[in-house]
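The structure is shown first, and the discussion follows.

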Amino acid sequence: MLNTTPDARRLLAGPSLEGPEPLADHLARLGPLPTARDAQRTMSELDASGLLGRGGAGFPVGRKWRAMAERARGHAVILANGAEGEPASLKDRVLMAARPHLVIDGAVLAADAVGANDIVFYVGREHEAAVAALGVAIEQRRPGVRQRIRMIEAPIGYVAGEASGAVHFVNSGDPRPTTSPPRMSERGVNGRPTLVQNVESLAHAALIARFGAGWYREAGRGAARGTALITLSGTGRPAEVLEIELGTPLGEVAAGAGASPAGTLAVLLGGYFGTWAPAADVWSLPLDPAAMREKGLTFGCGMVGLLPARTCGVDATARIMSFMARESAGQCGPCVFGLRALADATRRVADGRSKPDDMDGIVRWTQIVAGRGACHHPDGAVALMASALRVFEEDLDHHVRSGRCRETSASAGLHAATSGPSAASTSRRMEVA
Ligand SMILES: Cc1cc2nc3c(=O)[nH]c(=O)nc-3n(C[C@H](O)[C@H](O)[C@H](O)COP(=O)(O)O)c2cc1C
Ligand code: SF4
């Protein structure tokens with residue numbers, strides 16, 4: 001499958017995805033990068049493109065650059081966020097490993113547009129192919145770039161990719177998020193205004209700057225415009241990274257990997273920070289951040305995790321909650337104790353050994369933890385739990401009453417990254433074994 005558009009200029013279009021695209025091939029395929037003199041036009045094109053950030057929150061990229069340009073005064077920092085601590089997502093590491101120069105292009109453009117003289121690539125140290133590809137590419141580009149440009153390997157951990165955690169690590173070697181204000185855009189790396197932007201967002205910006213908003217918007221189904229990287233897992237095949245036209249129905253993408261609605265119990269959308277939905281309800285759902293938000297669903301980092309029929313949604317949720325509790329940075333009480341309590345109670349329910357007040361406890365913690373941490377880590381975890389309470393209501397009830405699962409005992413592997421980062425590609429569908 002994708003690139004679903006025939007256009008050879010999209011993120012995963014062009015040569016093989018198995019190794020980094022060399023600089024000469026990259027330039028021959030896409031042409032030179034617009035210069036700093038074109039910065040105003042670049043920001044206008046970004047605004048017109050409607051590009052939303054792809055790190056999870058979906059904030060408009062053009063608006064973020066403009067706001068930074070107003071306060072940067074030439075000494076801002078660009079932090080290209082390639083931490084990708086989300087275990088269910090692979091798209092950033094695949095992009096950085098295969099298209100390092102496109103990601104660098106986006107960061108250089110951002111620096112020129114907002115007025116930054118320092119670029120930091122913050123890349124998960126476990127993403128070895130990405131670290132290697134970007135390392136070589138940065139060395140090649142350094143002589144032609146007027147900004148200071150460097151890579152810092154992010155520590156392994158879910159919250160290390162959170163914007164303030166990333167800045168904290170670059171400043172002091174401690175990846176724990178810090179309370180805001182001040183925002184990173186006001187006081188970030190070395191106390192300077194810092195634009196934290198996901199690496200996929202930057203790569204899209206590099207294409208939009210070259211080919212324009214009109215070109216970007218040629219792709220897209222229905223009201224949705226543009227393309228996005230997604231990680232598809234739970235199909236019975238290894239997890240895959242795809243570039244889809246936004247608005248492509250979820251079922252079409254899943255069917256392309258051999259999945260069917262009858263064979264799918266539920267879908268996890270947006271990653272461990274996202275939402276569960278019953279498969280039947282979302283099979284025709286357009287994969288589009290705006291349409292999904294209207295339905296209370298999450299596009300997030302583009303993760304689409306299928307939970308096969310005859311697997312246990314309660315067990316799958318308990319595993320995710322345990323992971324989220326373990327990944328708390330351990331400095332805010334509601335996050336530390338709330339997520340642990342939620343994870344333990346969900347595990348007991350999943351295992352058929354719940355205590356009488358476990359379900360009440362799960363509901364209570366889900367309500368009171370939100371908004372009580374220094375970062376949004378607990379908010380994402382309880383949003384996922386709230387969706388599990390809706391989608392798996394009958395299963396939870398069955399577990400509590402009978403001590404067993406209605407479906408079966410094992411849950412599917414949504415943890416795409418546990419199977420490792422070695423990548424194999426077939427056409428534009430990137431399979432991660
Ligand atoms: C717990 C947590 C973990 C996050 N991890 C990542 C990450 O690994 N990569 C990323 O790009 N954004 C991550 N984010 C989002 C960043 O804080 C930030 O919003 C993003 O990098 C901004 O880029 P964007 O506007 O291009 O999406 C995370 C957020 C939270 C709350
Ligand atoms: S809310 Fe949780 S993850 Fe975020 S800073 Fe506080 S303890 Fe750490």
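## A pair of crossing helices

At roughly what angle do the axes of helix α2 (residues 39-49) and helix α3 (residues 61-72) cross, and within what distance do they come? In this predicted model, the two axes cross at roughly 145 degrees and come within 7 Å.

The contact is made by Met43, Leu46 and Asp47 on the α2 side, which meet Val61, Gly62, Trp65 and Arg66 of α3. Taken by class, the residues of this contact of α2 with α3 comprise four that are nonpolar, one that is polar and two that are charged.

## Helix α5 and the residue after it

Helix α5 covers residues 100-114, and because 15 residues at 1.5 Å a residue should span 21 Å, the separation of 21 Å between its end C-alpha atoms agrees with expectation. The helix is also mostly covered, since 15 of its 15 residues are buried. Just after α5 comes glycine 115, whose phi is positive, at about 90 degrees.

## The shell around ligand 1

Ligand 1 has 23 residues around it, and of these Gly53, Gly55, Gly161, Asn198 and Ser201 come nearest. By class, the shell divides into eleven polar, eight nonpolar and four charged residues.

As to where these residues come from, strand β4 (residues 194-198) supplies the largest share of the shell, with three residues. Considered by domain, the shell around ligand 1 draws at least three residues from domain 1 (23-218) and at least three from domain 2 (313-411).

Conventions. Residues numbered from 1 in each chain as written. Chains lettered and ligands numbered in written order. Predicted model: local features only at pLDDT ≥ 70, side-chain atom pairs only at ≥ 80, totals over all residues. Helix = DSSP H or I, 4+ residues; strand = E, 2+ residues; numbered from the N terminus. Expected span 1.5 Å × (residues − 1). Buried ≥ 20, exposed ≤ 12 C-beta atoms within 10 Å, placed from the backbone. Near = placed C-beta within 6 Å. Nonpolar A, V, L, I, M, F, W, Y, C, P; charged D, E, K, R; others polar. Domains from an automatic or database assignment. Axes fitted to C-alpha atoms, helices over the stretch in contact; angles between N-to-C directions. Contact = placed C-beta atoms within 7 Å.
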